[in-house]
Amino acid sequence: MKRDWKIIQEILCAIEDNKVKMHWEQIPESEQKNVLLHYELLKESELITNYELVSDMDDDGKCTYHPNFLPQSPNVPGIRMTMKGYDLLEVLRDQNLWNRILSKAKSLGVKLTYEFIVQAIPVIYKTMM
């Protein structure tokens with residue numbers, strides 16, 4: 001699997017819009033494993049919370065996996081973004097800032113990691129002021 005920032009943006013947008021289930025249902029079965037791995041990356045990076053991988057057995061005995069969609073109880077929210085998740089989504093949405101981050105990584109010859117993005121933002125903001 002390769003990390004795909006577009007998939008990450010789509011997941012974060014779906015969470016923000018409370019459309020995780022609808023987003024999931026539109027993903028072709030052949031791509032679902034890759035998207036699930038991106039959900040796991042977001043959880044491990046503490047960009048989302050209240051996430052768990054759910055397995056279901058269909059009528060043919062085939063096990064399928066999907067992210068949880070709904071709250072576990074009325075008092076416990078379902079999957080949601082953390083403050084860091086919202087911050088990353090804002091960066092991904094700002095095409096000007098995102099392009100500057102991509103250019104900075106390329107000019108330095110470094111990989112585009114989450115840590116690089118976080119550290120590049122203040123540097124890029126200084127050049128914009």
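**Close-up views of a predicted model**

**View 1. Helices α5 and α6 are roughly perpendicular to each other, a term used for angles of 65 to 115 degrees.** This is a predicted model, in which local features need pLDDT of at least 70 and side-chain atom pairs count only at pLDDT 80 or more, while totals for chains, interfaces and linings use all residues. Residues are numbered from 1 along each chain as its sequence is written, and side-chain values use heavy atoms, with hydrogens and water left out. The axes of α5 (residues 95-108) and α6 (residues 114-128), which are lines fitted to C-alpha atoms over the stretch in contact, come within 10 Å and cross at roughly 110°. Contact here means heavy atoms within 4.5 Å, and the residues that make it include Trp98 and Ile101 of α5 and Phe116 and Tyr125 of α6.

**View 2. The largest pocket holds about 280 Å³ of space.** Its lining consists of 13 residues, of which Gln32, Lys33, Leu36, Thr64 and Tyr65 lie nearest the centre of the pocket; lining residues have an atom within 4 Å of a point on a 1 Å grid, and a pocket is an open set of such points, where a 1.4 Å probe fits, with protein on both sides within 12 Å along at least five of seven lines. Helix α3 gives the most to this lining, with six residues.

**View 3. Tyr39 and Tyr51 form a stacked aromatic pair.** Their rings lie 5.5 Å centre to centre with 10° between the planes, where rings pair if their centres lie within 6.5 Å and count as stacked if their planes are under 30 degrees apart. The pair links distant parts of the chain, with Tyr39 in helix α3 and Tyr51 in the loop between β1 (48-49) and β2 (53-57).

Note on methods
Axes fitted to C-alpha atoms, helices over the stretch in contact; angles between N-to-C directions. Helix = DSSP H or I, 4+ residues; strand = E, 2+ residues; numbered from the N terminus. Parallel < 35°, antiparallel > 145°, perpendicular 65-115°, else oblique. Points joined across faces, edges and corners; volume = space filled by probe spheres on them. Phe/Tyr/Trp six-rings, centres within 6.5 Å; stacked < 30°, edge-to-face > 60°.
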